[in-house]
Amino acid sequence: MRRIVILILTLVLLSVTACASRAETMRQVGPIWYENQAIVLLYHDVVDSGEGGAADEVSTIRSDQFEAHLLAMRDNGYRIISMEDFVEFILNQKPIPANAVVITFDDGYENFYTHAYPILQKHGVTASNFIIGIYSDTYYPDAEPHLTWEQMKELKQNGMGIYSHTYNLHRTANTGTDRAESALTHKLFLEQKERLETDDEFKRRIKSDLEFMNRRIADELGEQTPLLAFPYGEYTDLTVELAEEAGIPIFFTTREGINSSTDKLVYRINAGEPYMTAEALIQILQKYSQT
């Protein structure tokens, strides 16, 4: 009987310790810059720190620079949360930590796997990549290498997120004028028919692309809440409506700002430029302090 009592007391103690540990994990350490809101960061390319000139290109940062961003956010009290937690925050008002930050990448470049992913794993945090489906399904020898589905499966299994940047709408196309426009937001000129798409043709093209991309991701990586990052950050009320009809509830823009739980059009801060030092990033983040 005594052994049973001791065992029960031990189990209770372990349970209390585990709860205390979880509470400590959720306890905010350091200053509270904002609460019940989330900042979403946007990156594109991460190159090896020794690649020289490539790191000076637009929308490109070095791997050591990216790691410095993560360390600076940690040291200043920011909490990197998963995309799943952010989605629950937006759709179901699930609580998130103070100073919450979500890390996103656009375009599905392979260097997310080779350069960013090891750093994210090293520091125990997650990020999500919005991929262009056709570039992972088709080999383009002249294009920058993109993620393969096998790489994405590994990324997903280890806590990273993979979402839609459309299947084949991340491009500009002939719209019957002197200027090429986004294939997501404009009617295309049908050269064989010598006319623009009709309203119905435009709607079918957009909706079928978005639905197909949702299905490709689900078939390869499993069912999840579909999300969409707009190519070039461009969208219209109609494209949002069509995307909602395709089952997508949350959209990622390139407009800068901070997000509350009612923001279905998500603001993002562009952190992935060569000039963005860790100090500069923290200065931008602290513009959104509520104190």
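**Helix packing and a pocket, term by term**

Trainee: In this predicted model, helix α2 (residues 63-75) packs with α4 at an angle of about 30°, their axes being 10 Å apart. Why are α2 and α4 called roughly parallel to each other?

Mentor: Angles under 35 degrees count as roughly parallel, and the angle for α2 and α4 is about 30°, so the two helices are roughly parallel to each other.

Trainee: What is the hand of the crossing of α2 and α4, and which residues meet there?

Mentor: The crossing is right-handed, and S63, F66, E67 and L70 in α2 meet A116, I119, L120 and K122 in α4. The residues of this contact divide into 5 nonpolar, 1 polar and 2 charged.

Trainee: Helix α4 (residues 111-122) also packs with helix α6 (residues 149-157). What makes α4 roughly parallel to α6?

Mentor: The axes of α4 and α6 come within 10 Å and cross at roughly 25°. That angle makes α4 roughly parallel to α6, because angles under 35 degrees count as such. The crossing of α4 and α6 is left-handed, and the contact is made by F112, Y113 and Y117 of α4 together with Q151, E154 and L155 of α6. By residue class, the contact of α4 with α6 divides into 4 nonpolar, 1 polar and 1 charged.

Trainee: Is the crossing of α7 and α8 left-handed or right-handed, and which residues meet?

Mentor: The crossing of α7 and α8 is right-handed. In α7, the residues F202, K203, I206, K207, L210 and E211 meet L238, T239, L242, A243 and E245 in α8, and the residues of this contact divide into 6 nonpolar, 1 polar and 4 charged.

Trainee: Turning to the second largest pocket, which residues line it?

Mentor: The lining consists of Y135, S136, T138, Y139, Y140, P141, A143, E144, P145, H146, L147 and T148, and the pocket has a volume of about 170 Å³.

Terms used:
Residues are numbered from 1 along each chain as its sequence is written. This is a predicted model: local features need pLDDT of at least 70, side-chain atom pairs count only at pLDDT 80 or more; totals for chains, interfaces and linings use all residues. Side-chain values use heavy atoms; hydrogens and water are left out. On a 1 Å grid over the protein atoms alone, a cavity is a set of points where a 1.4 Å probe fits but cannot get out, and a pocket is an open set with protein on both sides within 12 Å along at least five of seven lines; lining residues have an atom within 4 Å of a point. Grid points are joined across faces, edges and corners, and a volume is the space filled by probe spheres set on the points. Axes are lines fitted to C-alpha atoms, for helices over the stretch in contact, and angles run from 0 to 180 degrees between N-to-C directions. Helices (H or I, at least four residues) and strands (E, at least two) are DSSP runs, numbered from the N terminus. Angles under 35 degrees count as roughly parallel, over 145 as roughly antiparallel, 65 to 115 as roughly perpendicular and the rest as oblique. A crossing is left-handed if the near helix is turned anticlockwise from the far one by less than a right angle, and right-handed if clockwise. Contact means heavy atoms within 4.5 Å. Ala, Val, Leu, Ile, Met, Phe, Trp, Tyr, Cys and Pro count as nonpolar, Asp, Glu, Lys and Arg as charged, and the others, Gly among them, as polar.
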